[in-house]
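Please look over the sequence and the model shown here, and then work through the exercises below, trying each task before reading its solution.

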Amino acid sequence: MKQKRKGHQVDETKYSVQTPQEDEAPNESGSASEEVESSDEEGGNISGSEDDIISSSSEEDPVVSSDYEEDEDEEGDAEGATAEQELEGGIDNALQNYMGTLNVLSNLNGKNLKNAEGEYTSGDDEDEDEERPKRAEESDSSEDEVPSRNTVGDVPLRWYKDEQHIGYDIKGLKIKKQPKKDQLDSFLASTDDSGDWRKVYDEYNDEEVELTKEEIKFISRLRKGKIPHAEVNPYEPYVDWFDWKDKGHPLSNAPEPKRRFIPSKWEAKKVVKLVRAIRKGWITFEKAEEKPRFYLMWGDDLKPSEKMANGLSYIPAPKPKLPGHEESYNPPPEYIPTQEEINSYQLMYEEDRPKFIPKRFDSLRNVPAYDRFLSEIFERCLDLYLCPRTRKKRINIDPESLIPKLPKPKDLQPFPSICFLEYKGHTGAVSCISPESSGQWLASGSKDGTVRIWEVETARCLKLWDIGRPIQHIAWNPVSQLSILAIAVDEEVLVLNTGLGSEDDQEKVAELLHVKSKPVSTDDLGDSTSLTKWIKHEKFDGIKLTHLKPVHLISWHHKGDYFATVAPDDILWAVLVHQLSKQQTQNPFKKMHGRVVHVLFHPIRAFFFVATKTHVHIYDLVKQERVKRLVTGLQEVSSMAVHPRGDNLLVGSKEGKVCWFDMDLSTSPYKTLKNHSKDIHAVAFHVSYPLFASCSDDCKAYVFHGMVYHDLLQNPLIVPLKVLQGHQSVNGGGILDCQFHPKQPWLFTAGADSVVKLYCN
């Protein structure tokens, strides 16, 4: 219902406010900042009866629109005095409804109904009407929604936390924050305004929005799990827009009666053809399997595949031995033993004695009861109950496929295989040998206190030095022009001139072995100490270096100027490096990581290998620091040899194992060879051929093919070639040392039987 009076109108859609025609403010008792709303008990709607809505005859009165719908449309006479007297009682209620409507509209539309001076604006001002945003029409489309007045976009509001505004409007003006209500104001507002529960705070625009009746209905329907729009019927009748085959269904699902059946002539002809083919034998059928008339009485009734327990495969028990001719009551004569044979059974062991002795009876009636019947049944039950039975899967594998495919030794020749020469002359065990770099001479040291120089091709002894004490180690200078031999005897190291070579070479050797007036020995810090004494030997042509402890090993640098000595018993000065040209001695290590066993110079780079009992330490002589530590995994290291290229290392141990290290690959052994049964005394690489060897106290020398490839991705190839034997064991000692010929694929071995042997290809 619409109520129309002079200067007033009631709209059915929404509350709206139209300012009067003149610039006169309404009653000041109603303020736009107050949120007062008159609502009924059920929905909080504003009353719209005649007693609550008043309109004045003056044009200055505002216009109030209400959602309250009436069934009748009445119009009063503004000039009559009688109508004014009837509506005087509802003036107060009309004013309150009017102010509540203003507050609702200000919250929903964000309108400023007061000007800067605190007065209500008039609708008569055209400029202000143009600036005031127009109310958008309601629509279901999201494109028709009124845009937000805050135009900051997706900027987080926490950026404006300490500011006096929350953003900017479309004109770029600041949107100032509204004063926040405390709890008391919120409580009073909820008490005074019964429609406060319909208000929602919009944080983005800093305003409160009151939900309409339709929106509340939407929310309530959503909470109940219904469709938001009440006018939508989810159960509309289905409209079939398409056609398909067999669209119509029969009214009944009962089967067709037999009276409607019409036999097919073609099917009758087909049956006649099949009958004819069966009679003539063109079509045959499989016959049912007949059960065998006879069956094995002692056999299992069930197949092993049918006996499954807990998902495990059934394993049948072994069957007992069936009775034979021996168990017959009338066995053949050859099965019946004589009395002598029966007496011989008593002399046999019980487990070898036969359990049953055949006997002959006239008839089956005369056969007595078997005395071991119960015991055999009991033993059979024990076997079935206690004997564990497991199924073993046998895999048919060719044993040759498990052996790695290696080249044949014939394809890897040449390598030493037979003994060609024997160098005899020592009276004690030959402890060490050293070939000369040209391959023409061989030096050997023995426990009898003598050092001999042999001609390799003829086995002739060229020179003999009688030192008088057991020889620990000898080493020839690797430079062919310097025929110098270093000998380790107890605490002394003798550097002797062998007298071999040309006159120019002898002059160089004499100059190197000339003792200077003031020899100098320094430690690793450069301080002058008395590490060794460089003294001219009185008996032989050479120099004598005196150490504090017995020297066990001598190792030359590949350039021939430096050599290192090892005195394992000396804790501080276990390893000393001597320079022959300057006649100086240095202690490169202030502290060792264990008892030193062996030392070597790298054949190419400035590296130094130090082998302790369990590890091999690699030091950089330029940087003076440890580069790498190799973990051997052995109980005690006895010997060491480096490959001519310097990337691979051989380590022998006293437990009969040989470890091959690929230093570019890992710090652990690449291969561990367990061939010897006793202590290994020496391992050696050939300079030019891909060969290496090891010797032990078991009087055997093993020769291997060890190919190192230039490709770093390809592992070294190790193939055993030959086992060399021939030395005799003396006092538990076998082969004490082995060395390769520098140019030929020959191997020298020194044994405890005082013989040096040469093995050739």
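This is a predicted model: local features need pLDDT of at least 70, side-chain atom pairs count only at pLDDT 80 or more; totals for chains, interfaces and linings use all residues.

**Exercise 1.** Determine which strands pair with strand E29 and where its residues lie, buried or exposed.

*Solution.* Begin with strand E28 (residues 637–642), which runs antiparallel to E29 and is joined to it by five bridges; within this pairing, Ser639 has Gly652 as its bridge partner. The two strands form a hairpin with five residues between them, and Gly646 in the turn has a positive phi of about 90°. Next take strand E30 (residues 657–662), which pairs with E29 in the antiparallel sense over five bridges, with Trp660 as the bridge partner of Leu650. In this second hairpin three residues lie between the strands, and Gly656 takes a positive phi near 85°.

Now turn to the cover of E29 (residues 648–653), where six of six residues are buried. In a regular strand the side chains alternate between the two faces of the sheet. On one side of E29 are Asn648, Leu650 and Gly652, and on the other are Leu649, Val651 and Ser653, all of them buried, so both faces are covered.

**Exercise 2.** Decide whether Cys760 is buried or exposed, and find how far its sulfur is from the closest cysteine sulfur.

*Solution.* Cys760 has a relative accessible area of 7%, and because buried means under 20%, this residue counts as buried. The closest cysteine sulfur, in Cys419, is 8.4 Å from the sulfur of Cys760, which is too far for a bond because a disulfide needs the sulfur atoms within 2.5 Å. By this rule the count comes to zero disulfides.

Methods: Residues are numbered from 1 along each chain as its sequence is written. Side-chain values use heavy atoms; hydrogens and water are left out. Buried means under 20% relative accessible area, exposed over 50%, partly exposed in between (1.4 Å probe, protein chains only). Helices (H or I, at least four residues) and strands (E, at least two) are DSSP runs, numbered from the N terminus. Two strands pair if DSSP finds at least two bridges between them.
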